[in-house]
Amino acid sequence: MELPLGARTVAHRPSPSQCKKPAGDDAKKETLFTFESAKAKEFSLEPRQGDAIHLVKEAGSWRLVAPTPAPADGTSVETVLNALNGLKVEGVVTETPAGLADFGLEKPAAMARVTLDGQPKPLVLKVGEKA
């Protein structure tokens, strides 16, 4: 799969017959993201429709910046970050896609971005839908 540096994309869940499975029954699945949650300094969820949610960590505490500034529940933010950190690849439809539109990613249904301390570009997860 061709990806910009620091970004990962996920298309709609293809049927099992469309995916190439890792060799062997006990083959380890690739992790989409590997990062230390403690190094996360910004996090956003951006649906195609509706308000984006943007959070920043300042002095060790998470704060909601958009759509309305407010304190955030740090435990909930860490739970979501840990879930993103644990996403596994279940199969690969193609290593060289002709275009993002084939996977519903030209205009993703949603995106998640995690900016880490010491990294200039955020990790980006695009969630597609059937094209």
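This is a predicted model: local features need pLDDT of at least 70, side-chain atom pairs count only at pLDDT 80 or more; totals for chains, interfaces and linings use all residues.

Me: Which residue does the E58 side chain meet in a salt bridge?
Reply: That would be R63, with 2.9 Å from N to O. R63 is partly exposed too, at 30% relative accessibility.

Me: Why would two side chains pair up like that?
Reply: Side chains can pair when they carry opposite charge and their charged atoms come close.

Me: How many salt bridges turn up in the whole structure?
Reply: Three. Another one joins E36 and K39, where the closest N and O atoms are 3.9 Å apart. K39 is partly exposed, with 41% relative accessibility.

Me: And what does R113 pair with?
Reply: R113 forms a salt bridge with E46, at 2.8 Å from N to O. That pair ties together distant parts of the chain: R113 belongs to strand β6 and E46 to strand β2, and they're 67 residues apart. R113 has a relative accessibility of 27%, so it counts as partly exposed. E46 is also partly exposed, at 23%.

Me: OK, stepping back a bit. How many helices and strands are there?
Reply: One helix and seven strands. Starting at the N terminus, the order is β-β-β-β-β-α-β-β.

Me: You mentioned β6. Is that strand largely enclosed or open?
Reply: Strand β6, residues 110-116, is largely enclosed by the rest of the structure, because five of its seven residues are buried.

Me: Which way do β2 and β6 run relative to each other, parallel or antiparallel?
Reply: Antiparallel, with seven bridges joining β6 to β2, which covers residues 40-47. One spot to look at is A40, which sits opposite L116 of β6.

Me: What about β6 and β7, how many bridges do they share?
Reply: Five, again in the antiparallel sense, with β7 spanning residues 123-127. M111, for instance, has K126 of β7 as its bridge partner.

Me: Switching topic: where is S37, and is it buried or exposed?
Reply: S37 is in the loop between β1 and β2. It's buried, since its relative accessible area is 11% and the cut-off for buried is under 20%.

Me: Which residues does S37 touch?
Reply: Leaving out residues up to four places away in sequence, S37 touches K57, E78, L81 and N82. With N82 there's also a polar contact between the side chains, at 2.8 Å.

Me: How much of the protein is buried overall?
Reply: 25% of its 131 residues. The protein exposes about 8500 Å², and carbon and sulfur atoms supply 55% of that.

Notes
Residues are numbered from 1 along each chain as its sequence is written. Side-chain values use heavy atoms; hydrogens and water are left out. Buried means under 20% relative accessible area, exposed over 50%, partly exposed in between (1.4 Å probe, protein chains only). Helices (H or I, at least four residues) and strands (E, at least two) are DSSP runs, numbered from the N terminus. Two strands pair if DSSP finds at least two bridges between them. A polar contact is a pair of N or O atoms within 3.5 Å; within protein, one must be able to donate a hydrogen and the other to accept it, and residues adjacent in sequence count only if both atoms are side-chain atoms. Contact means heavy atoms within 4.5 Å. Accessible areas come from the Shrake-Rupley method with a 1.4 Å probe; for residues, only the protein chains shown count as cover. A salt bridge is a side-chain nitrogen of Lys or Arg within 4 Å of a carboxyl oxygen of Asp or Glu.
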